[in-house]
There are 2 protein chains.
Amino acid sequence: MDFVNKRTRSVAWSVVDRRRRIPEATVARLPVYLRTLLDVQGEGMTTISSERLAELAGVNAAKVRKDLSYLGSYGTRGVGYDVDHLLVQMSRELGLTRDWPVAIVGVGNLGAALANYGGFGDRGFPVAALVDADPSKVGTMFGDHEIRDLDDLPALVNELGIAIGIIATPAAGAQEVADRLVAAGVTSILNFAPAVVTVPDHAQLRKVDLALELQVLSFYGQRESIGASLREELGVAAESKESVS
Amino acid sequence: MDFVNKRTRSVAWSVVDRRRRIPEATVARLPVYLRTLLDVQGEGMTTISSERLAELAGVNAAKVRKDLSYLGSYGTRGVGYDVDHLLVQMSRELGLTRDWPVAIVGVGNLGAALANYGGFGDRGFPVAALVDADPSKVGTMFGDHEIRDLDDLPALVNELGIAIGIIATPAAGAQEVADRLVAAGVTSILNFAPAVVTVPDHAQLRKVDLALELQVLSFYGQRESIGASLREELGVAAESKESVS
DNA sequence: TCCTGTGAATGTCTTCACAGCC
DNA sequence: GGCTGTGAAGACATTCACAGGA
């Protein structure tokens, strides 16, 4: 990521690591494989080769094999991978055998959209609580949920088993929300606020920065104009490019 | 990241590269520096050291210096970087000296939220058009915009100078939308659909995958429980961790 | 003295290429 | 023969450490 989150490793981590360390870049691809395998399974296929999976997932076949090898040797030489078996192993590895209740903090434009967005609950991340710091919002209903106060976080964690906090507040409030989430025992945080947020070593933070993505596109987009004119000048044909989503 | 987008380099690209190639990882951090510098500027500071900028941006100081060195030598030894000057250079490099009109394709839950989300226009990416494939939506108004048909894309690109397309459709339609965007001349695409999308080499694709982020958190979250109990067992104190958003 | 700019060292990720098993 | 699993090579990114200018 990059936008890949930085992580220093504590002593305890390296102990865990020693058992079977999966590289960060691989972890970020597992969900893509998972989704692809679900599609493939839906079409009734029972085995799949690394080459085919690579094509569908938009990556290189060697990368697929290496990635899957971190999960264990679940393939059969000459045949490929058993789709069902791979799905089970992968779900287990990703911790998707249980639900992870989510709290959305900040019920503004973005927070409200995320609350309505069905894609979370479907995939094992039910939106269990909505939280806002604005007293005029607290106590009102949004969809099925009563909007709760930031102070209620510890109680919500206790009662509902909140495992993940989503920060959808303005930038200014993001760090405080993160601190409060961690203090309440939420150690996995997804930050949508356009601000740098810091969490203690035992917590996990990831970010989604919409403006950043557009700015990166802008960077390559303006280069593209240069590239395009050069290509024209030189009469070079465009090659094909693959990207993953 | 990682979810870092893959990019093969065409011949024309390497020509462009030779002038001054900025590593992908650096490009992804420039927007963070930019935002930080705007904050700092707002507080009236006129110069900043790499160390301070690093702290505010949540990265290592050496990384800041190396990143900024790709833009040219804009710092002063013994003093630091001139905030205003750096902002100008960085904006220019990122192509943010002009607006980049955006079309949002797919006006469902997420698309609607993105259309309402003010953060785009503020940062030079005005939402100039809304597009949907659903005939019952086409022709209706959403906010200031009439929802247009997918077939209108080429016209919209011509009339409004659409530079970036945002895909906010269900997974099934994502690839077709991407193809249509590219055919209409939109070479920068941000994909929110949970699907693998491929674009030709001359186009740029980035993705935001919400479920993926949660699944990665789930991976580390379940490890965390192991780590936590091990830490407890071993009596190891948690170190502090920094992450950027 | 302070802080940048950057070679060199280190660490991480990707890709190649092929041995080994079905 | 086909396809996985994996050492080894190569590309890329981060970090160190210090020379050198203000």
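## Basis of the values

The model is predicted, and local features need pLDDT of at least 70, side-chain atom pairs count only at pLDDT 80 or more, and totals for chains, interfaces and linings use all residues. Residues are numbered from 1 along each chain as its sequence is written, chains are lettered from A and ligands numbered from 1 in the order in which they are written, and side-chain values use heavy atoms, with hydrogens and water left out.

## Helix α5 of chain A

Just after the helix, A:G95 has a positive phi of about 75 degrees. The buried residues of α5(A) are A:V83, A:L86, A:L87, A:Q89, A:M90, A:S91, A:E93 and A:L94. Buried means under 20% relative accessible area, exposed over 50%, and partly exposed in between, with a 1.4 Å probe and protein chains only.

## Salt bridges

A salt bridge is a side-chain nitrogen of Lys or Arg within 4 Å of a carboxyl oxygen of Asp or Glu. Over all chains the count is 16 salt bridges. A:D209 pairs with B:R35, with the closest N and O atoms 2.5 Å apart. This pair crosses between chains: A:D209 is in the loop between β11 and α10 (210-234) of chain A, and B:R35 is in helix α2 (residues 24-42) of chain B. A:D209 is buried at 5% relative accessible area, and B:R35 is buried at 9%.

Within chain B, B:D67 and B:R29 form a salt bridge of 2.6 Å, N to O. The pair links distant parts of the chain, with B:D67 in helix α4 (residues 61-69) and B:R29 in helix α2, 38 residues apart. Both B:D67 and B:R29 are buried. B:A25, also placed in helix α2 of chain B, is 42 residues from B:D67 in sequence and 9.0 Å from it in space, C-alpha to C-alpha. B:A25 is partly exposed, at 45%.

In helix α9 (residues 171-183) of chain B, B:R180 and B:E176 are four residues apart, so they are separated by about one helical turn. Their side chains meet in a salt bridge of 3.1 Å, N to O. B:R180 is partly exposed at 29% relative accessibility, and B:E176 is partly exposed at 45%. In chain A, a network of salt bridges links A:D151, A:E176 and A:R180.

## Buried sites and polar contacts

A polar contact is a pair of N or O atoms within 3.5 Å; within protein, one must be able to donate a hydrogen and the other to accept it, and residues adjacent in sequence count only if both atoms are side-chain atoms. B:Q89, in helix α5 (residues 83-94) of chain B, is buried at 12% relative accessibility. Its side chain makes polar contacts with the side chain of B:Y74 at 3.0 Å and with that of B:R92 at 2.6 Å.

A:N191 lies in strand β9 (residues 188-191) of chain A and is buried, at 0% relative accessibility. A polar atom of the A:N191 side chain is 3.3 Å from the backbone oxygen of A:A195. A:A203, in the loop between β10 (198-200) and β11 (204-207) of chain A, is likewise buried at 0%. A:A203 and A:I189 are 14 residues apart in sequence and 7.8 Å apart in space, C-alpha to C-alpha.

## The largest pocket

On a 1 Å grid over the protein atoms alone, a pocket is an open set of points where a 1.4 Å probe fits, with protein on both sides within 12 Å along at least five of seven lines; lining residues have an atom within 4 Å of a point. The largest pocket has a volume of about 450 Å³, the volume being the space filled by probe spheres set on the points, which are joined across faces, edges and corners.

The lining has 18 residues, of which A:A195, A:V196, B:T36, B:D39 and B:L56 lie nearest the centre. At least two lining residues each come from α9 (171-183) of chain A and from α2 and α3 (50-57) of chain B. The largest share, five residues, belongs to α2(B). By type, the lining divides into eight nonpolar, four polar and six charged residues. Ala, Val, Leu, Ile, Met, Phe, Trp, Tyr, Cys and Pro count as nonpolar, Asp, Glu, Lys and Arg as charged, and the others, Gly among them, as polar.
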